[in-house]
Amino acid sequence: MRDFVVELGINEVNSGVGFGDWVEKPKGPELVSYSPIDGKEIARVRTASETDYEYVVEKAEGAFRSWRTTPAPKRGEIVREIGQRLRDKKKILGKLVTLEMGKIAAEGEGEVQEMIDMADYSVGLSRQLYGLTISSERPSHRMMEQWHPLGTIGIVTAFNFPVAVWSWNAMIAAVCGDTMIWKPSSKTPLTAIAVQKIANEVMKAYGLEGVFNLLIGSSKSVGEKMIADPRLPLVSATGSCRMGQRIGEVVGKRLGRSLLELGGNNAIVVMNDANLELASRAILFGAVGTAGQRCTTTRRLVMQEGIALKLTDQLIASYRQVRVGDPLDPKTLMGPLIDRDAAETMMHALKTVKKEGGELLCGGTLLEGKGYESGCYVTPAIVKAHPKMSIVREETFAPILYLFTVKDLDEAIAIHNDVPQGLSSAVFTQNVRAMETFLSPAGSDCGIANVNIGTSGAEIGGAFGGEKATGGGREAGSDSWKAYMRRQTATINYGKELPLAQGIQFGPTPSEAVC
Ligand code: UN1
């Protein structure tokens, strides 16, 4: 704990309301952050009340008025400094992610690296926020598109990527000239406070506040207010499909924009000609990494019948070697689930599996005894399933992998696409026709489709997000930045006439003029 106090400024009791400085005593109830590693309290957080909410929204709105006209490359310079501080604090911040969320140390640090990558990316982007010019049909006219900052945006993040997903939104929004309000998961408030402190320090050096803002509180006291607030033109949210439906409904009703990154139920298809060594390593990382708590986690495996038995045996053998335990121990491959509820949900799903005729091939036990006191440790499970089971259509946020066997690629794609969600997907094959078919309009229906790599662990350079119940939003790379800006089409007349589009003649001829 001492390191966190000294290096990240985390105290026993912290303010959960930041805007460049901190509201010292927010008036909402106190929130306790427990570590899933041992179930013990790490520290406390004072959460936001309604008054704190209003105060912060006003700060953010006020800051927007000058931030929007600060040249984008200057905004980029500030983001570059945030990236630099994150580099300096990578190890300790990664450790805090591990302590509070439970992912293994390598993944905790990987998450901070993702933030650094987002900062670097956004610095470059700050010089590339360009629009098109378009030929006008009218003489002496020019048309162009320009992109302007949108306003104060809302960012709602989940516990599983407590800081990286903030950076996907925040780094881009900042260079785009937006100010923002972050509502992190109540399960991971301390990592959010540590990141806000870093942002505060950098902003203070520039004499700025109100660009990066933090409001820790419940869905009721903060989340519901944000989604209904017309002062927030965009709400970008990561979480369950149910949460996304609520956000889509409320934001849609006020004709605001929402950017949703919701549940995944991702599958890997493995064809007979695949390199099984590659495939099984990718499946292990995809299904067991982060204890199955990524939205990109591999939850379904669709195997062509020629390799099904061999691959199943290989997977069972490697699952048996997975070390489950303290995520700070470098030998551990899988840490705890986020809380007891999550472990119970997994056990409940496995009961449903049995009821629906599935067969548990390995794992799926709740670990008890020394070192597992928090009640959050499980062994990763492999289940022999069939596509008619209803549980395989749901996203259970835990390490359960459902296996299916199919005859050919057509059947594989049909099963692959037969779920409500559409985030990430992959095929393992050496055959160019199979690979191209999987990527064709008749192939995977997901926002992310990979060949010979797994479903999780996307790079930030691509647009991240998915179709169907995953919500349709795109974050991070490519042209995702456009969601954080408003597009303006401008037509300029530099001639002496006023020709109208579509050749319309309008106005009185001189002889008919009445006055
Ligand atoms: C998530 O689980 O919400 O592609 C995001 C990945 C990570 C991000 C996951 N880069 O697995």
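Which helix and strands each supply at least two residues of the lining of the second largest pocket? Read on for the reply, keeping in mind that this is a predicted model.

## The second largest pocket

The elements in question are α11 (305-320), β14 (359-362) and β16 (400-406). Of these, α11 gives the most to the lining, with 5 residues.

This second largest pocket has a volume of about 280 Å³. Its lining numbers 16 residues, and those closest to the centre are M303, L309, T312, K384 and T405. Sorted by class, the lining of the second largest pocket holds 10 nonpolar, 3 polar and 3 charged residues.

## The largest pocket

Now to the largest pocket, with a volume of about 1300 Å³. Here 45 residues form the lining, and F159, K187, G239, S240 and M243 are the closest to the centre. By class, there are 17 nonpolar, 17 polar and 11 charged residues in the lining of the largest pocket.

Where does the largest pocket lie? Domain 1 (3-262 + 472-488) and domain 2 (266-460) both give residues to its lining, so the largest pocket lies between them. At least two lining residues come from each of α8, α9 and α12 (340-355), and α12 gives the most, with 7 residues.

## A closer look at α8

Helix α8 (residues 219-228) has V222, G223, M226 and I227 as buried residues. They sit on the same side of α8 because they cover an arc of only 115° around the axis.

How values were computed: Residues numbered from 1 in each chain as written. Predicted model: local features only at pLDDT ≥ 70, side-chain atom pairs only at ≥ 80, totals over all residues. Heavy atoms only, no water. Buried < 20%, exposed > 50% of the residue type's maximum accessible area, 1.4 Å probe, protein only. Helix = DSSP H or I, 4+ residues; strand = E, 2+ residues; numbered from the N terminus. Arc of directions from axis to C-beta. 1 Å grid on protein atoms, 1.4 Å probe; cavity = no way out; pocket = protein on both sides within 12 Å on 5 of 7 lines; lining within 4 Å. Points joined across faces, edges and corners; volume = space filled by probe spheres on them. Nonpolar A, V, L, I, M, F, W, Y, C, P; charged D, E, K, R; others polar. Domains from an automatic or database assignment.
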